[in-house]
Amino acid sequence: MTPLDPHPGAAFNPAPDPAELAHLATRWVRWVARHRQPANPIADRSGRHAGHHQPADVWFLAGTFGGSAQRRCVVPAGRPLFFPAFNWWQVGRTAEPAEPMDGATGHAQLDGVAVALSEAGSATSFPVRGFFNNVVTVWPWPMQVSCWGLWGLVPPPAPGQHELTFGGTDGGRFWVEAQYQIDVR
């Protein structure tokens with residue numbers, strides 16, 4: 001990953017490796033499946049569940065199931081941020097990847113500076129074991145899942161207050177938007 005560009009108005013463009021993005025997308029779906037209702041980070045309106053089940057090497061952020069959400073969270077210093085501006089997953093496929101969604105678009109900004117988004121998805125389906133009533137598989141036993149999305153990967157932000165906004169649309173009526181007030185410590 002490259003460091004944050006200090007020039008105002010310049011786009012963050014870490015140019016991540018496509019295989020790394022696909023791996024992070026897989027990990028993100030598994031992260032979401034680790035949450036039981038109502039502590040689901042996608043349904044979370046305030047950000048109070050943002051820190052649950054976070055891995056040690058990256059900080060995952062969630063979009064919404066449609067519409068907008070404003071959230072606050074504390075992120076440990078030194079962690080890159082990974083999030084879907086727009087994504088979807090399918091449960092029960094045995095090998096095929098989730099198809100890209102034609103017409104889908106997304107956007108992201110950190111502190112008013114554009115964040116580059118990259119298209120990525122799982123090359124094949126992967127096993128996800130969640131809790132009963134999780135939003136990915138619903139069931140507690142392993143199920144095959146594939147995913148696709150427009151993802152943002154931001155190098156670790158400097159300590160202090162930041163605003164991250166991201167969202168997207170399917171090209172039709174469905175849209176998502178999340179605004180995070182992030183305190184990096």
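Helix α1 covers residues 18-33, 16 residues in total. At 1.5 Å a residue, α1 should span 22 Å. Its end C-alpha atoms are 23 Å apart, which agrees with that expectation. The structure described here is a predicted model.

β3 pairs with β1 (residues 59-60) in the parallel sense, through 2 bridges. In this pairing, W59 stands opposite L81. β3 also pairs with β8 (residues 143-154). Here the strands run antiparallel, and 10 bridges join them. Strands of a sheet pair through backbone hydrogen bonds, in either a parallel or an antiparallel sense.

A further set of strands builds an open sheet. It holds 5 strands, in the order β2-β10-β9-β4-β5, with mixed pairing. β2 (67-75) and β5 (113-114) stand at the edges, each with a single partner strand, so one side of each has no neighbour in the sheet. Within this sheet, β9 (residues 160-169) and β10 (residues 175-184) are antiparallel and share 10 bridges. T165 stands opposite Q179 in β10.

T169 also belongs to β9. Its side chain reaches the backbone oxygen of F174 at 2.8 Å. Beyond its neighbours within four places in sequence, T169 is in contact with F86, G103, A104, T105, F174 and W175.

The largest nonpolar core has 40 residues. W28, L61, F82, V136, L164, Y180 and I182 touch the most other members of this core. Helix α1 gives the largest share of the core, 8 residues.

I182, a member of the largest core, has contacts of its own to list. Residues up to four places away in sequence are not counted. On that basis, I182 touches L61, C73, V75, L81, G160, Q161, H162 and L164. C73 has 8% relative accessibility and therefore counts as buried. C147 is buried as well, with a relative accessible area of 0%. A disulfide is a covalent bond between the sulfur atoms of two cysteines. A search of the whole structure finds 0 disulfides.

N134 sits in the loop between β7 and β8. Its relative accessible area is 2%, below the 20% cut-off, so N134 is buried. A polar atom of the N134 side chain lies 2.8 Å from the backbone nitrogen of V136. V136 is one of the residues that touch the most other members of the largest core. Leaving aside neighbours within four places in sequence, N134 is in contact with A33, H35 and W139.

Notes. Residues numbered from 1 in each chain as written. Predicted model: local features only at pLDDT ≥ 70, side-chain atom pairs only at ≥ 80, totals over all residues. Heavy atoms only, no water. Pairing = 2+ DSSP bridges. Helix = DSSP H or I, 4+ residues; strand = E, 2+ residues; numbered from the N terminus. Expected span 1.5 Å × (residues − 1). Core = buried A, V, L, I, M, F, W, Y, C linked by side-chain atoms within 4.5 Å. Buried < 20%, exposed > 50% of the residue type's maximum accessible area, 1.4 Å probe, protein only. Contact = heavy atoms within 4.5 Å. Disulfide = S-S within 2.5 Å. Polar contact = N/O pair within 3.5 Å; in protein donor to acceptor, adjacent residues only side chain to side chain.
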